[in-house]
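I opened my notebook to go through one structure, entry by entry. Here is what I looked up.

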Amino acid sequence: MTDLIEQRYNEFVDHNFIIKDNFQIKVLKNINSTWINYNNKNFFKNIFRNSVNSSGIYLFGPVGIGKTFIINIFIKFFKNSKKFHFNQFMQDLHFSINTNNNKEDKLSKFIKSISLKYKIIFIDELHIYNIVDALIIKKVFLLLKKYKVFVITSS
């Protein structure tokens, strides 16, 4: 894990903001290694590696275990990262789609505009309650992958 990220986590512990949790540190290390593997462009290393090159992370668990907190620590170290709350993301998405007759084209343009600004996005509290959002979010994730945006989601 990047020393600065671990150092930032330890600053929260040192200032008694949080209690050190080895599982949180392990998650931070896994997020970081997934990010490093995602950015690894070495052709030969990719061919011989056994693991799949992931384009994102899905972090889930009970309320209050620090999912949002540790992801916030991670993304703060990247200028080209952005946190979205899922509800706000979907509202912005629906607004963008509904302002044009060509909905498929508008969805692609919306995601492309995000990809031009950010290489890492964090969609916090992902909860899909209806089939329409399920169909849209599937396309969203495919487009984010197409435009090479690393996605971290939590629920």
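**Entry: a pair in α6**

I began with D105 and K109, which both lie in helix α6 (residues 103–117). They are four residues apart, about one turn of the helix. Helices here are DSSP runs of H or I with at least four residues, strands are runs of E with at least two, and both are numbered from the N terminus. The side chains of D105 and K109 meet in a salt bridge, at 3.3 Å from N to O. I noted the cut-off: a side-chain nitrogen of Lys or Arg within 4 Å of a carboxyl oxygen of Asp or Glu.

Next I checked how open the two residues are. D105 counts as partly exposed because its relative accessibility is 30%. K109 is partly exposed too, with a relative accessible area of 48%. The terms have limits: buried is under 20% relative accessible area, exposed is over 50%, and partly exposed is in between (1.4 Å probe, protein chains only).

**Entry: what kind of model this is**

I wrote down that the model is predicted, that local features need pLDDT of at least 70, that side-chain atom pairs count only at pLDDT 80 or more, and that totals for chains, interfaces and linings use all residues. Residues are numbered from 1 along each chain as its sequence is written, and side-chain values use heavy atoms, with hydrogens and water left out.

How high is the mean pLDDT of the protein chain? It is 88, and 88% of the residues reach 70 or more. The pLDDT is the predictor's confidence in each residue, from 0 to 100. Confidence is lowest in helix α3 (residues 43–48), with a mean of 48. It is highest in strand β3 (residues 120–124), at 97.

**Entry: the whole chain**

I counted seven helices and four strands in the protein chain. From the N terminus on, their order is α-α-α-β-α-β-α-α-β-α-β. The chain has 155 residues, and 39% of them count as buried.

**Entry: the other salt bridges**

How many salt bridges does a search of the whole structure find? It finds three. I had one already, so I looked up E11 and R8. Their side chains meet at 3.1 Å, N to O. Both lie in helix α1, three residues apart, about one turn of the helix. E11 is partly exposed because its relative accessibility is 29%. R8 is partly exposed at 36%.

Then I turned to K83 and D124, which form a salt bridge with their closest N and O atoms 3.9 Å apart. This pair links distant parts of the chain: K83 is in strand β2 (residues 81–85), D124 is in strand β3, and they are 41 residues apart. Is D124 buried or exposed? D124 counts as buried, because its relative accessibility is 3%. K83 counts as partly exposed, at 35%.

**Entry: along α1**

I checked the span of helix α1 (residues 3–14). Its twelve residues should span 16 Å at 1.5 Å a residue, and its end C-alpha atoms are 16 Å apart, which agrees. The expected span is 1.5 Å times one less than the number of residues.

Which residues of α1 are buried? They are I5, Y9, F12 and V13. Seen down the axis of α1, the buried residues fall within an arc of 105°, so they line one face of the helix. That arc is taken from the directions from the helix axis to the C-beta atoms. On the other side of α1, D3 and D14 are exposed.

**Entry: two loop residues with positive phi**

N16 has a positive phi of about 60°, although it is not a glycine. I found N16 in the loop between α1 and α2 (22–39). It counts as exposed, because its relative accessibility is 68%.

E125 also has a positive phi, near 60°, and is a residue other than glycine. E125 lies in the loop between β3 and α7. It is partly exposed, with a relative accessible area of 39%.

**Entry: G61**

G61 is in the loop between β1 (56–59) and α4 (67–75). It counts as partly exposed, at 27% relative accessibility. I looked up S154 as well: the C-alpha atoms of G61 and S154 are separated by 8.3 Å, though the two are 93 residues apart along the chain.
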